[in-house]
Amino acid sequence: MNKPLLAALSSLAIAGLGATPAIAAPHTAVKTAPHSAQAVKATVDFAGTVSLSNCSGSVIRFPNSADTDPALVLTNGHCLETGMPAAGEVITGQSSSRSFGLLNSAGSRIATLRANQVVYSTMTDTDVTIYRTTTTYAKIKSSYGISPLTVQDTHPTAGTAIKVVSGYWKRIYSCNVDGFVYRLKEGDWTFKDSVRYTSACNTIGGTSGSPVIDTATGKVVAVNNTGNEDGERCTVNNPCEVDAGGNVTVRQGINYAQEIYNIPACFTTGNKLDLNAAGCTLPKP
């Protein structure tokens, strides 16, 4: 799970940082400009993103979340501090004290948030970890002026202009949704209905867990997670695309993300996980 899935699945790694070139240094925030007076786009910068010890992430809320709810942090399943979940494994309610560096619009770290629970983590069908923090959205807003990023609860659309915002590297990648992959296979893991980027989003190690933001709405439509580094077929760091007929396609240098539009249906009042809720399709333990 190369860059996103971190250049590692190898021992130290979920981070893949050792393989990341030093020149992938911090970039300044990129802000979108309207194509016309009628098409004003959202400003996409680092506000609300976080840096982890080995990955990127973001403070997220769902359409029905309340300001008084405990704030949630989204990153990849393979970024979990206790190690990557095995194929078929789903983790819920696991204790955590992980810390996150909260960033402002310029990418400066302005606070440290701390988790008290891994609410949900898996690398089955998708690649996500959701942490519950010890604070609320309202407290983060009043203390630091930072609002969470809202998760889009509808399927993303091909051709959409997106930005992949890495809190770890303080770098923003701009490209488009190229299409969707029926099955993305990488080593022991298989991801369903993955987002494929156009080639401009050449993400690297440490960008794992970055929010993928629709530049028109400012909403999070996916979470960055992997890419084919060496042109190999279906191996770790070299995922392959498998269509409904079983045909395999390898796209060296192309990167991918996992959809998250199905996650809001699994959270009820108070940002509480309910995998039995109507419409929830996330894998269960």
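Asn237 is buried, at 14% relative accessible area, where buried means under 20%, exposed over 50% and partly exposed in between, using a 1.4 Å probe and protein chains only. This residue sits in the loop between β13 (220–227) and β14 (240–242); strands (E, at least two residues) and helices (H or I, at least four) are DSSP runs numbered from the N terminus. Asn237 also has a positive phi of about 75 degrees, although it is not a glycine. Most residues other than glycine have a negative phi.

A quick word on what you're looking at. This is a predicted model, in which local features need pLDDT of at least 70 and side-chain atom pairs count only at pLDDT 80 or more, while totals for chains, interfaces and linings use all residues. Residues are numbered from 1 along each chain as its sequence is written, and side-chain values use heavy atoms, with hydrogens and water left out.

**The overall picture**

The protein has 18 strands and one helix. Of its 285 residues, 54% count as buried. Take the contacts (heavy atoms within 4.5 Å) between residues at least 6 apart in sequence: 66% of them join residues at least 24 apart.

**The largest pocket**

The largest pocket has a volume of about 220 Å³. On a 1 Å grid over the protein atoms alone, a pocket is an open set of points where a 1.4 Å probe fits, with protein on both sides within 12 Å along at least five of seven lines; lining residues have an atom within 4 Å of a point. The volume is the space filled by probe spheres set on the points, which are joined across faces, edges and corners.

Among the lining residues are Asp125, Thr126, Lys192, Asp193 and Glu259. Strands β11 (189–197) and β16 (255–259) each supply at least two of the lining residues.

Asp125 belongs to the loop between β6 (109–122) and β7 (128–136). Asp125 is partly exposed, at 25% relative accessibility.

Glu259, in strand β16, is buried, with a relative accessible area of 7%. Its side chain makes a 3.0 Å polar contact with that of His155; a polar contact is a pair of N or O atoms within 3.5 Å, where within protein one must be able to donate a hydrogen and the other to accept it, and residues adjacent in sequence count only if both atoms are side-chain atoms. Leaving out residues up to four places away in sequence, Glu259 also touches Thr126 and Asp193, among others.

Arg196 is in strand β11 and counts as buried, at 11% relative accessibility. Its side chain has a polar contact of 3.0 Å with the side chain of Glu241. Beyond neighbours within four places in sequence, the contacts of Arg196 include Asp178, Arg251 and Tyr256.

Tyr182 is in strand β10 (residues 171–186) and is partly exposed, at 42% relative accessibility. Not counting residues up to four places away, Tyr182 touches Phe191, Lys192, Asp193, Val242, Asp243 and Ala244.

| Pair | Separation in sequence | C-alpha to C-alpha distance |
|---|---|---|
| Glu259 and Thr154 | 105 residues | 9.7 Å |
| Tyr182 and Gly246 | 64 residues | 9.7 Å |
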